[in-house]
Each structure stands twice: as C-alpha cells, then as structure tokens.
Amino acid sequence: MSASGGPSLARRLVQLYGGLVLYGVSAGLQLRAGLGLAPWDVLNQGVAGRTGLSIGTVSILIGVLVLLLWIPLRQRPGLGTVSNVLVIGLALDATLALVPALPGSLWARIPLLALAIVLGAAATGLYITPRFGPGPRDGLMTGLHRRTGRSVRLVRTCIEVVVLATGFALGGSVGAGTVLYAVGIGPLSQYFLRVFALPEHPERHRPRGPEGPRDPRDTAGPVAPSTVTAREVPDLV
C-alpha cells in the first residue's frame with residue numbers, strides 16, 4: 001500500500017498483468033478441454049480456422065477491430081485496455097504451445113474445463129480491480145449501453161449472440177463448455193471481484209465541488225467492484 005493510503009502502483013500492475021496472463025491461460029485450457037468455448041473464443045477459433053492464423057493472433061486482431069468501434073462511441077482506452085488486447089492473445093498461444101491436446105476421455109476433459117472457468121473468473125477479478133480501464137469488448141458493451149439507453153444485460157446478450165452465431169458459422173467450437181461458461185462466469189467473477197478488491201484511494205471518497213463525488217460511470221475504467229452485479233460482470237476480453 002502506498003503512503004497516501006491507496007494500493008501501490010506496483011501492486012496494481014502486478015494484478016493487472018497477472019490477471020491478463022491468467023485469462024489467456026484459462027482460455028487455452030478451455031480450448032484444450034474441447035467441450036466448447038466462451039462466445040468470443042468461438043469467434044476467434046472460427047476465424048483462425050478460416051485464415052490459418054493462430055487463435056491468439058486472431059484474438060489480438062479482433063481486439064484491435066473492436067477498439068476501432070470505440071471511436072464513434074467516444075470511449076477512452078486505458079493502459080488496461082491496450083494490455084488486454086496484446087497480453088491475453090500472447091498468453092493464449094503460449095498455453096496452447098505448452099499444454100498438449102488431451103485424449104478423448106471425459107474424465108480428463110471435464111475437470112480441465114471446470115479449472116479453466118474458475119481460472120477465468122479469478123483472472124477477471126485480478127485485472128478489473130486495479131482500474132486501469134476496461135477491456136475492448138467490455139468498453140464496446142458499456143459504450144453501446146450509454147448510446148442506446150438499453151440495459152447492460154440486453155446489450156451484452158445481443159453482442160454475444162451475434163458473436164457466438166458468427167463464430168459457430170465459421171466453425172468455432174460450441175458445446176457444453178459454452179453453456180457452463182455462460183452460467184458460471186458471472187457468479188464466480190463477482191466472488192473474485194470481492195476477493196481481489198483493492199482499497200480505494202482516500203481522494204476518491206472526497207466530494208468534488210458543490211456537486212459532490214462524480215458518478216463512477218463517468219470514468220474510463222469499470223465501475224467499482226462493490227457496485228458490479230454478477231450479471232454485469234463482463235467476459236473478459
């Protein structure tokens with residue numbers, strides 16, 4: 001903790017990059033489990049299969065394209081946003097290079113799938129709580145929410161349905177793991193957001209002029225962990 005009472009920059013950076021690496025590892029393990037992927041990874045895998053690029057490279061390229069959509073939405077990227085695009089894709093490819101494909105037995109695949117989902121939720125808690133800015137897909141969701149006035153839940157659902165359907169049409173893997181991820185990632189991420197929550201800087205609790213404190217939704221980063229509901233926790237990437 002820094003002398004001013006808030007978390008030190010070093011601690012925040014460790015959590016940010018540790019979380020992003022762990023998220024890439026979890027995505028790689030879920031792919032190796034072979035039981036279905038998260039919606040955005042279904043798209044990544046489908047594009048990778050059609051282009052011959054690695055899935056990590058595709059993840060980076062799609063992240064860059066999503067960032068371009070921030071321009072008309074007037075979203076502001078942060079260090080965490082740019083790092084999200086690069087680090088997760090690199091960690092994903094590294095994991096696939098190090099972890100061999102599993103045999104067909106479900107006794108090996110099911111525990112690996114469960115581990116991947118839990119690691120992904122822990123990674124979400126790690127990289128969101130330092131407040132270095134949302135991931136590119138998170139920012140797209142919140143940007144559309146602000147522009148359209150529709151609920152975060154509805155916007156997120158519409159985005160992921162389109163992404164999932166497109167990825168499936170391109171040959172991405174959809175299965176029981178996709179459903180389990182959709183059901184489990186929200187509650188698990190909410191739990192880990194509390195576990196890895198960092199103490200607020202004292203300055204953030206002081207009123208700002210006659211209007212009082214700013215609405216947390218006006219910041220470039222995600223809302224404070226204590227205000228994020230389980231259904232509003234983004235996928236991560």
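This is a working chat about a predicted model of a helical protein.

User: How much of the protein is buried?

Analyst: Of the 237 residues, 47% are buried.

User: And what share of the contacts join residues at least 24 apart?

Analyst: Taking contacts between residues at least 6 apart in sequence, 84% join residues at least 24 apart.

User: OK, serine 59. Where does it lie?

Analyst: Serine 59 is in helix H3, which covers residues 55-68.

User: Buried or exposed?

Analyst: Serine 59 is buried, because its relative accessible area is 8% and the cut-off for buried is under 20%.

User: What is serine 59 in contact with, leaving aside neighbours within four places in sequence?

Analyst: Serine 59 then has contacts with Asn44, Gly89 and Arg137.

User: How far is tryptophan 40 from serine 59 in space?

Analyst: The C-alpha to C-alpha distance between serine 59 and tryptophan 40 is 8.5 Å, and in sequence they are 19 residues apart.

User: Arg137 was on that contact list. Which residues of H3 and H7 meet?

Analyst: On the H3 side they are Ser59, Ile62, Gly63, Val66 and Leu67, and on the H7 side Pro136, Arg137 and Leu140. The residues of this contact divide into five nonpolar, two polar and one charged.

User: At what angle do the axes of H3 and H7 cross?

Analyst: The axes cross at roughly 30 degrees and come within 9 Å; helix H7 spans residues 136-148. H3 is therefore roughly parallel to H7, since angles under 35 degrees count that way.

User: Left-handed or right-handed?

Analyst: The crossing of H3 and H7 is left-handed.

User: Switching to the nonpolar cores. How many residues has the largest one?

Analyst: The largest nonpolar core has 23 residues. Leu16, Leu20, Tyr23, Leu113, Tyr127 and Tyr181 have the most contacts inside it.

User: Which elements give two or more residues to this core?

Analyst: Those are helix H1 (9-33), helix H5 (79-98), helix H6 (106-128) and helix H9 (176-195). H6 gives the largest share, nine residues.

User: Where does Trp40 come in, then?

Analyst: Trp40 belongs to a second, separate core of 21 residues, which also includes Leu37, Leu96 and Val152.

How values were computed. Residues are numbered from 1 along each chain as its sequence is written. This is a predicted model: local features need pLDDT of at least 70, side-chain atom pairs count only at pLDDT 80 or more; totals for chains, interfaces and linings use all residues. Side-chain values use heavy atoms; hydrogens and water are left out. Helices (H or I, at least four residues) and strands (E, at least two) are DSSP runs, numbered from the N terminus. Buried means under 20% relative accessible area, exposed over 50%, partly exposed in between (1.4 Å probe, protein chains only). Contact means heavy atoms within 4.5 Å. A nonpolar core is a set of buried Ala, Val, Leu, Ile, Met, Phe, Trp, Tyr and Cys residues joined through side-chain atoms within 4.5 Å. Axes are lines fitted to C-alpha atoms, for helices over the stretch in contact, and angles run from 0 to 180 degrees between N-to-C directions. Angles under 35 degrees count as roughly parallel, over 145 as roughly antiparallel, 65 to 115 as roughly perpendicular and the rest as oblique. A crossing is left-handed if the near helix is turned anticlockwise from the far one by less than a right angle, and right-handed if clockwise. Ala, Val, Leu, Ile, Met, Phe, Trp, Tyr, Cys and Pro count as nonpolar, Asp, Glu, Lys and Arg as charged, and the others, Gly among them, as polar.
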